[in-house]
Amino acid sequence: MASSTNVSNLIAEQRSKSKRRKLEKLVPFILAGAASISVLTTAGILLTLMVETVMFFSEVSFREFFTSTDMQPLNRSDPSFSILPLLSATLLSTVIAMFVAVPVGLTTAVYLSEYATDKARRVLKPIVEVLAGIPTIVYGFFAFTFVTPVLREIIPMLDRTNILSPGIVMGIMIIPMVASLSEDALSSVPNSMREGAMAFGATKFEAVVRVVIPAAISGIIASFVLGISRAIGETMIVTIASGSNKNLTFDITQSMQTMTAYIVEVTSGDAGAGTTAYYSLYAVAITLFFFTLAMNMLAKWISKRFREVY
Amino acid sequence: MTELSMKKNVSIQEQPEEERESVFEAQGVNLWYGQTQALHNIHLKQREQEVTAVIGPSGCGKSTYLKTLNRMVEMNPEVRISGNISYRGRNIFSRRFPVEELRTRVGMVFQKPNPFPKSVFENVAYGPKIHGIRDKQLLEQIVEESLKGAAIWEEVKDRLHENAFGLSGGQQQRLCIARCLAVEPDVILMDEPTSALDPKSTMKVEELVRELKETYSIMIVTHNMQQAARISDRTAFFLNGEVVECDTTDRIFSNPSDDRTEDYITGRFG
Ligand SMILES: Nc1ncnc2c1ncn2[C@@H]1O[C@H](COP(=O)(O)OP(=O)(O)OP(=O)(O)O)[C@@H](O)[C@H]1O
Ligand SMILES: [Mg+2]
């Protein structure tokens, strides 16, 4: 052990090599660089949006944009710009989607976490998750060529493009997200809670409704909010199936255009760069951005604020 | 049901003086977890207004037996049971005896305090609420009485609407006892209720058990011999899934009839 080649000497020798030390100093910079890519991208997007939005509001007043009700961006003689028709379409489709996704998603989560046998869970969970992997264009196609015609059999007054059908299909698309996040929240409730609940003569269902779900409520609500955020940002399904009428209405049988679909239309259409219609894109986009940002922050806040520590 | 049990009352009161009415009676109970047998041919009685201590080395089936009495053990789908257990003369495995009814009569306090992540008030009101009691005044009264019954009212009366997780471990355990009292059970099963508590909280729970036995029948699992000696009237000694001996606590601790019992309580094994 006393020889000069003992292990601690070797280690000390290696440690003092300057190459290793230099690398060690570089590592944090490399890592920070990677991390900053997404931060910079976000900042860049936000900056671009803001610059062009400022351009837009130099031509159209804030008041017109947020309080008038007419949206005719491509009307050459008398264009008008109001976000309300787009907003009403986005909100309607989101509400419809959540009407589908919340009950089905939560029920699925409760089934998977509380009732399914291990075997059933192992089969079902991947199937539910496949839904999340389907490209949205397929959903859009499904809404337009299948769901709408079926709905029209039931509701004859339904337009060929309408907000109801893409809303429902969007809900279906969001089910796996709600189901899987809620299921995580439910299964992290310790078994001692269920035992405690049932030891007083609660039936299993009573234990689930009165104890397990309330104990997991923050995670469940966070999953709803993330679902809403997803619905607000969803583009392809509404572009295909809800048409391009910029109607301020709450009639779900009509064709309406969401904020996202509007962006698609104007970007792919013939609004030339520099026109007011072109700049309006950015004003709509930034509104959309703030909505989804707010939803994501809300979800974070909810799951932090109401998290139960067992 | 009441009529039936009344008749039962009469007939049992005619038995010898020392014998109180039995609440639970296990006859030849065997229990398997999958292939491994955890209980072997258990014969045991729990009598009214008595505290029975269940002692024995780790893994001998104490918790399993307790959970069999309120049928919580069957939440594990692997479990198979044979033999007979009657609660006040009714077969607990009978189809005509809903398990929810049994569990309303037979409360349980767990080893680790397991309050719900709700307020102190909601924790205690939970049991009455699931059984359909809605009246606010009545609920308030039940909560107060139960908390008093569990000797924790003074400590929590000003924080009834705070989250129960904010209480200390000892307070949480007494809250769980209060939660259990709120549905006015007949029997209380306690599985090492003080093993997670400090000596002072332990003393409080022990005092409480002594008070509660005036009204309830209690079966308590403990690893603490002094505790068993202090609070119980009878003691059942379990070993490897069998009941070696069940007798008055005095007899078990002074003059047990089985050598293994003596070895265990004098600390020679287990
Ligand atoms: N869920 C289970 N699955 C399989 N075997 C089990 C299960 N629970 C308990 N056992 C087995 O049953 C036997 C009795 O366990 P039990 O928990 O009743 O012991 P215990 O006397 O309460 O022990 P302790 O004093 O450590 O709490 C043990 O051998 C244990 O390994
Ligand atoms: Mg145990």
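I will call a residue near a molecule if one of its heavy atoms lies within 4 Å of it. This is a predicted model, in which local features need pLDDT of at least 70, side-chain atom pairs count only at pLDDT 80 or more, and totals for chains, interfaces and linings use all residues. Residues are numbered from 1 along each chain as its sequence is written, chains are lettered from A and ligands numbered from 1 in the order in which they are written, and side-chain values use heavy atoms, with hydrogens and water left out.

The ligand, then. Around ligand 1 we find, among others, B:Tyr33, B:Ala38, B:Asn76 and B:His223. The residues B:Ser58, B:Gly59, B:Cys60, B:Gly61, B:Lys62, B:Ser63 and B:Thr64 also belong to this shell. Helix 2 of chain B, residues 62-69, gives the most to it, with 3 residues; helices here are DSSP runs of H or I with at least four residues, strands are runs of E with at least two, and both are numbered from the N terminus.

Some distances. An oxygen atom of ligand 1 lies 2.7 Å from a side-chain N or O atom of B:Lys62. For B:Gly61, a backbone N or O atom is 3.0 Å from a ligand oxygen. For B:Glu192, a side-chain N or O atom is 3.3 Å from an oxygen of ligand 1. The protein covers 60% of the 630 Å² of accessible area that ligand 1 has on its own, by the Shrake-Rupley method with a 1.4 Å probe, where for residues only the protein chains shown count as cover.

Next, the two chains. How many residues of chain B are in contact with chain A? There are 23, against 20 residues of chain A, with contact meaning heavy atoms within 4.5 Å. B:Pro117, B:Tyr126 and B:Ile130 supply 26% of the area that chain B buries against chain A, more than any other three residues. Buried area is the accessible area, with a 1.4 Å probe, that two parts lose on being put together, summed over both. Together the chains bury about 1900 Å², 66% of it on carbon and sulfur atoms.

Salt bridges between chain B and chain A number 0; the term means a side-chain nitrogen of Lys or Arg within 4 Å of a carboxyl oxygen of Asp or Glu. Over all chains the count is 21. One of them joins B:Glu21 and B:Arg88, at 3.3 Å from N to O. These two residues are 67 apart in the chain.

Key:
A polar contact is a pair of N or O atoms within 3.5 Å; within protein, one must be able to donate a hydrogen and the other to accept it, and residues adjacent in sequence count only if both atoms are side-chain atoms.
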